[in-house]
Amino acid sequence: MDDIKMEVHKCMLCHDAPCKAERIIRALRFDNKLGARYLLDFNEHFEDCPYGIDVEKIVSEVSKEDNLISDTSVDITANICGIKLENPFLLSSSVVSSSYDMCARAFDMGWAGCVFKTICLMEINESSPRFSSLRDWDNSFLGFKNIEQLSEHSLEENLEIFRKLKEKYPSKVLIASIMGRNEDEWEFLASKVTEAGCDAIELNFSCPNMEYKDTGVDVGQDPDLVLKYTKAARRGSKLPIIAKMTPNITDMCIPARASKDGGADGIAAINTIKSITGVDLDSLVPEPNVSFKSALGGYSGRAVKPIGLRFISDLASDSSFNGLHLSAMGGVYTWRDAAEYLLLGASSIQVTTAVMEYGYRIIDDLILGLKIFMKQKNYNSLNDFIGYSKLSLVQLDELDRKTILYPKFNYDKCVGCGRCFISCMDGGHQAIKFENRKPILDGSRCVGCHLCKLVCPNEAIGCAVKRIIK
Ligand SMILES: Cc1cc2nc3c(=O)[nH]c(=O)nc-3n(C[C@H](O)[C@H](O)[C@H](O)COP(=O)(O)O)c2cc1C
């Protein structure tokens, strides 16, 4: 498959793609190689790509995949604070879930539910532009910054949307995200969204973009306010309450515990991380440039997944949260990202940036990829593996420091570029010689750090035998 990787990445993933192979190429793009093979049996007719992608080559490579999974019937139902989800995937509270039509379209396409864009009683005035991004070589987002606040609809408009959504989609899960400025507002909003028929409430203690002081992230960084406002929301509603935490803090367990003490049934994490994505070197203004000024804004997308995983793992490993639901988000693009969050202890998954970049259609590969993963591993339900990887996450002083795992060069795949040699020379332990354009390992110098494996552009370095240091 390696030689089609570039071809697949050049594909623009067009809407209503003229090639008719969009579904298969999309599966490859979203880390769902076996899903692409599975889909091939339902999609045999393809056209040429008007933009020069070699569709025939891609399809022919996919057809060579011999690990065919033809049965994808596996139970991926989940629940959020006891409410049934047809799958673990929800839109997270943001622009992607900010109107009736948007949520309805997402539901029709297979999302199990949504956390609606945060509603409030404040006057919300947004800036333009309000986004900036860090780009990968193919122009995709590595990370994404926004300086957006909350819903601009009036409370009444949003409540009407909730009523209509629940009427049309009774089996989809609708969670209202709310933010108040004081206890009365939290209590009032909680009671209003309950009357409107929402299934649960998420408390936004974490937006880093608020123009009003002592709201959003200011609350999430202050456990006393978290406790007070969770209690206020609890007074306003008997619905399940999920407190959404900020990652702009060292120890998330402190405010999370306060929300539990205040009556929360679950924790959602992470909201976005305060950031500056860059400075425009023509105007000399940081991005995004809003009439020649900018501000810190929330970072999300692929770049933040490691931080999200860390916080979910922190929460899942703390026994004071046993029994509380953990809803994870931050950089989920593929089923693999979702599986990682589940393995570290989350029970539902929320998504925004990937949807902003690629649309609601990513749900296809989130679901199919997750099902194929479970089939392969013989898991019958999500509970078979939720939290499993927590077991192998230990303190640094508990790690095995007596074993060296050496790299092994696969000379059939090695193209002789010498990247492993350069990195080992200048960033490692000078343990690779480069002779006749081939790397050769000097085991007496190698410490088994695996930098060579990570920089190899052709995945030509694997692992060889271990040595136990005496
Ligand atoms: C444009 C934009 C608007 C957002 N608005 C909200 C919001 O109104 N309420 C909220 O709780 N989180 C909001 N978020 C945060 C997301 O719900 C989510 O926590 C964060 O983006 C991380 O997930 P992701 O990497 O999948 O985007 C927003 C994020 C973005 C990018």
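## Close-up views of a predicted model

View 1. Of the 27 residues around the ligand, S92, S94, S300, T352 and T353 come nearest; a residue is near a molecule if its C-beta atom, placed from the backbone, lies within 6 Å of it. What you see here is a predicted model, in which local features need pLDDT of at least 70 and side-chain atom pairs count only at pLDDT 80 or more, while totals for chains, interfaces and linings use all residues. To find a residue, count from 1 along each chain as its sequence is written. The shell around the ligand divides into nine nonpolar, 15 polar and three charged residues. Here Ala, Val, Leu, Ile, Met, Phe, Trp, Tyr, Cys and Pro count as nonpolar, Asp, Glu, Lys and Arg as charged, and the others, Gly among them, as polar. Strand β6 and helix α13 (353-358) each supply at least two residues of this shell; helices (H or I, at least four residues) and strands (E, at least two) are DSSP runs, numbered from the N terminus.

**View 2. Strand β12 and its partners.** Strand β12 (residues 297-300) pairs with β6 (residues 141-146) in the antiparallel sense over three bridges; two strands pair if DSSP finds at least two bridges between them. Look for G298 in β12: N146 stands opposite G298, and G298 is also the bridge partner of K274. Strand β11 (residues 273-275) pairs with β12 in the antiparallel sense, over three bridges.

**View 3. The closed barrel.** Follow the eight strands of the closed barrel in the order β3-β4-β7-β8-β9-β10-β13-β14, with parallel pairing. On average, neighbouring strands of this sheet are turned by 25° against each other, direction ignored.

**View 4. Helix α7 meets helix α9.** The axes of α7 (residues 183-195) and α9 (residues 223-236) come within 7 Å and cross at roughly 35°; axes are lines fitted to C-alpha atoms, for helices over the stretch in contact, and angles run from 0 to 180 degrees between N-to-C directions. The contact is made by E183, W186, E187, F188, A190 and S191 of α7 and K228, Y229, A232, A233, R235 and G236 of α9 (two residues are in contact if their C-beta atoms, placed from the backbone, lie within 7 Å). By class, six of these residues are nonpolar, two polar and four charged.
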